[in-house]
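Subject: Structure handover and notes

Hello,

Please find the structure below, with the notes I promised. Please keep it open while you read.

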Amino acid sequence: MYRKRIFCADLKLADQVHEVFCVTRVERRQGRSGAPFLRLAFSDRTGTVAGVAWDDIETMLGVLAEGRYARVRGDVGDYRGEAQLRVVAAEPVVEPLDPAEFLPRGPVPAERSLAKIRGLVDSISDAHLKQLVLGFLDDPEFARSFAAAPAAMIHHHAYTGGLAEHTLSVMELCARAADHYPDLDRDLILAGAFCHDLGKVVELAVLPGFPYTEEGALLGHIPLGYALVRERVRSLPGFPPERAIDLGHLVLSHQGELEWGSPVRPQTLEALVLHYLDNLDSKVATARAHLDTIERGRTGYVRSLGRSLFRRSAGSAALDDAVERPAPPDGDPAGGGGGVEEAGPTLFDDLDRATD
């Protein structure tokens, strides 16, 4: 069995790389000269590294496929303050691999997140909502899947245990909001926070790259989650119809906008608060993931946030570059060889919008 020697977290500028990674992104682009290039991403259990390829594009496209493994050769350069693997060759992998080496692991054990979720569920006074949530948690098969699932394919909580970590964080934020806004229905918003992303258990496969399942690609996590909740509601005798409608609205509207994947926009106070707190948690997690790559100064441009980010070390003076600049035009991903001109955002720019 092949054992990796170099992981994403080990990569440093100027490193020469010849290693196996999981391919998590392959996007063909075109430069100003009309020459194609590939925008890439590779992952393993320690994280993800961006990549780019300029030469022998057609041959590489025969090897590099999202969700599959490839042995890539190249060197590590700097692109807008972040490491980028400049790929010069790619080969198929014929040796057996250990999938555990390619599944990112979160900083918080899922068991710890689940224990804290149960503590919040215990505080729900509405017997029907409490019974519904415990029905999910007490289902051994579902609980195992929930504990293993990521919260997204990329950007935020994109690792095993990420869904449980994100769900707990949103539930905690909702509990604090209910303390601050007494007219919020605390029981309803806590149950909604638990249920809002349940569909991701079905949507994303716990495989390298966290690819969409067939159901996930065709249906999406919001309809899948709503179906899970409705099925659970139907199994509980006497569940109040109004409660089922209100809870279903929280699940269906939590993305906030129709163009972001919600069939309806938030129309209750609880739905509005849940949407903004869910969005807040995903954005903070995304920002942290990028800020953790630097000790101080400015990150590269973060597409999902529409800006670069700044971190100041304790006691350090502000950098000259500290003032936020307008979003830069997409330039040469390899930092050389001439600029490229691209026609606005693509599928990959908002890849996680449907799975936030």
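Predicted model: local features only at pLDDT ≥ 70, side-chain atom pairs only at ≥ 80, totals over all residues.

Residues are numbered from 1 along each chain as its sequence is written, and side-chain values use heavy atoms, with hydrogens and water left out.

Nonpolar cores

A nonpolar core here is a set of buried Ala, Val, Leu, Ile, Met, Phe, Trp, Tyr and Cys residues joined through side-chain atoms within 4.5 Å. Buried means under 20% relative accessible area, exposed means over 50%, and partly exposed is in between (1.4 Å probe, protein chains only). Helices (H or I, at least four residues) and strands (E, at least two) are DSSP runs, numbered from the N terminus.

The largest core has 48 residues, and those that touch the most other members are Ile117, Leu132, Phe146, Phe194, Leu198 and Leu247. At least two residues of this core come from each of α2 (110-122), α3 (127-137), α4 (140-148), α5 (162-180), α6 (186-195), α9 (221-234), α10 (241-253) and α11 (269-291). Helix α5 gives the largest share, 9 residues. Leaving aside residues up to four places away in sequence, Phe194 touches Ile117, Val133, Phe136, Leu137, Phe146, Thr167 and Met171; contact means heavy atoms within 4.5 Å. There is also a second, separate core of 21 residues, and Ala53, Ile57, Val72 and Leu85 are among them. As background, nonpolar side chains tend to be buried together in soluble globular proteins.

Two strands count as paired if DSSP finds at least two bridges between them. Strand β2 (residues 36-44) is mostly covered, with 8 of its 9 residues buried. On one side, β2 pairs with β1 (residues 16-30) in the antiparallel sense over 8 bridges, and Arg25 stands opposite Ala41 in β2. The two strands form a hairpin with 5 residues between them, and Gly34 in the turn has a positive phi of about 95°. Strand β2 is also joined to β3 (residues 47-53) by 7 bridges, again antiparallel. Here the bridge partner of Phe42 is Val49 in β3, and the hairpin from β2 to β3 passes through 2 residues.

Helix α10

The expected span of a helix is 1.5 Å times one less than its number of residues. For the 13 residues of α10 this should be 18 Å, which agrees with the 18 Å between its end C-alpha atoms. Its buried residues are Arg243, Ala244, Leu247, Gly248, His249, Leu250, Val251, Leu252 and Ser253. They pack against α3, α6, α9 and α11.

In helix α11 lies Asp278, which is buried at a relative accessible area of 3%. Its C-alpha atom is separated by 9.8 Å from that of Gly256, 22 residues apart along the chain.

Charged pairs

A salt bridge is a side-chain nitrogen of Lys or Arg within 4 Å of a carboxyl oxygen of Asp or Glu. The whole structure has 17 salt bridges.

- Arg71 and Glu95 meet at 2.8 Å, N to O. Arg71 lies in strand β4 (residues 69-79) and Glu95 in the loop between β5 (82-91) and α2, so the pair ties together parts that are 24 residues apart in sequence. Arg71 is buried, at 12% relative accessibility, whereas Glu95 is partly exposed, at 29%.
- Asp197 and Lys200 form a salt bridge with their closest N and O atoms 3.2 Å apart, and both residues are buried.
- Asp15 pairs with Lys12, the closest N and O atoms being 3.9 Å apart. Asp15 is partly exposed, at 22% relative accessibility, and Lys12 is exposed, at 53%.

Cysteines

How many disulfides does the structure hold? It holds 0, a disulfide being a pair of cysteine sulfur atoms within 2.5 Å. Cys22 is in no disulfide, and the nearest cysteine sulfur, that of Cys8, is 9.6 Å away. Cys22 is buried, at 0% relative accessibility. Cys174 is also buried, at 0%.

Regards
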